[in-house]
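Please read the points below with the structure open beside you.

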Amino acid sequence: MSHPEKAPVYGTEDLLISLCNSVTRVLNVATHGQIHYSGMVQRISKTCLKPDIGCFVLFDGGFSGLVIINFSAAAAMELYASYLLNMGMSKDDLVTSYTSDEVSNVMGELMNQVVGDFTGKVRRELQTHITQNQPKMLVLNKQVMLSVDANLDKPEARRVTFYTSNNNIFYLELAIDRTEFIKLYDFEAQEVPDADALMAQSQEAPQVPPPPPAGPDDTDALLKSLGM
């Protein structure tokens with residue numbers, strides 16, 4: 001008698017790996033850098049915002065959770081500068097202090113892109129939906145630790161160490177309700193839409209000229225056909 005194969009289970013560590021891959025994918029594209037993360041993960045009792053720049057995003061829907069990234073000043077400034085230089089900004093126009101609002105805004109935008117990439121993968125690969133709030137940034141110049149209450153029933157928390165191209169360090173922390181996804185049947189995950197290809201396709205599409213405005217005779221004929 002043959003035993004059926006067990007269905008694949010997608011758990012906390014799988015979600016964490018997917019999130020870490022979103023971090024490296026988005027930051028590598030945005031900064032033209034080589035961001036990578038440690039092969040070891042820490043189990044932690046709670047998530048905290050720490051100096052120098054802490055950023056957090058709450059998400060809800062198919063499952064609930066909290067994502068925190070704690071940047072050192074050096075890591076934040078490296079990512080900030082690389083991102084804006086890659087966007088074509090002059091080096092002379094960059095701010096020099098990590099406490100500047102401009103740095104917080106850029107890091108918040110990058111965080112928003114990271115979580116957006118992650119929620120897209122959740123929708124395509126796990127066939128469920130989660131929503132996110134706007135990333136919140138907090139610049140801390142003192143050794144202060146703040147806990148964010150995500151209202152989780154059975155929280156599991158993990159911390160992963162990341163390294164920038166210049167080996168500056170930042171940390172990602174994930175807290176989610178204990179959950180498992182079990183595949184009920186085989187399905188093909190949707191492909192990631194290529195924004196560049198869609199834009200090129202729209203530009204190549206032939207431009208259809210707008211119809212000429214109706215003249216008086218055309219208007220009278222239309223009204224007559226409608227019995228007016």
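1. Helices H2 and H3 pack at an angle of about 80°, with their axes 10 Å apart, and that makes H2 roughly perpendicular to H3, a term kept for angles of 65 to 115 degrees. Axes here are lines fitted to C-alpha atoms, for helices over the stretch in contact, and angles run from 0 to 180 degrees between N-to-C directions. Helices (H or I, at least four residues) are DSSP runs, as are strands (E, at least two), and they are numbered from the N terminus.

2. This is a predicted model, in which local features need pLDDT of at least 70 and side-chain atom pairs count only at pLDDT 80 or more, whereas totals for chains, interfaces and linings use all residues. Residues are numbered from 1 along each chain as its sequence is written, and side-chain values use heavy atoms, with hydrogens and water left out.

3. Which residues of H2 and H3 meet? On the H2 side they are Ala 76, Met 77, Leu 79, Tyr 80, Tyr 83 and Leu 84, and on the H3 side Glu 102, Val 103, Val 106, Met 107, Glu 109, Leu 110 and Gln 113, where contact means heavy atoms within 4.5 Å. By class, this contact of H2 with H3 has 10 nonpolar, one polar and two charged residues; Ala, Val, Leu, Ile, Met, Phe, Trp, Tyr, Cys and Pro count as nonpolar, Asp, Glu, Lys and Arg as charged, and the others, Gly among them, as polar.

4. Helix H1 (residues 12-31) packs against helix H2 (residues 73-86) at an angle of about 55°, with their axes 7 Å apart, and the two are therefore oblique to each other. Leu 27, Val 29, Ala 30 and Thr 31 of H1 make the contact with Leu 79, Ser 82, Tyr 83 and Asn 86 of H2, which by class has five nonpolar, three polar and no charged residues.

5. Helix H3 (residues 101-125) has 25 residues and reaches 36 Å from its first C-alpha to its last, close to the 36 Å expected at 1.5 Å a residue, the expected span being 1.5 Å times one less than the number of residues. Just after H3, Gln 127 takes a positive phi of about 55°, and H1 is followed by His 32, whose phi is also positive, near 55°.

6. The protein chain as a whole comes to five helices and 11 strands. Of its 228 residues, 39% count as buried, meaning under 20% relative accessible area (1.4 Å probe, protein chains only).

Conventions. Parallel < 35°, antiparallel > 145°, perpendicular 65-115°, else oblique. Buried < 20%, exposed > 50% of the residue type's maximum accessible area, 1.4 Å probe, protein only.
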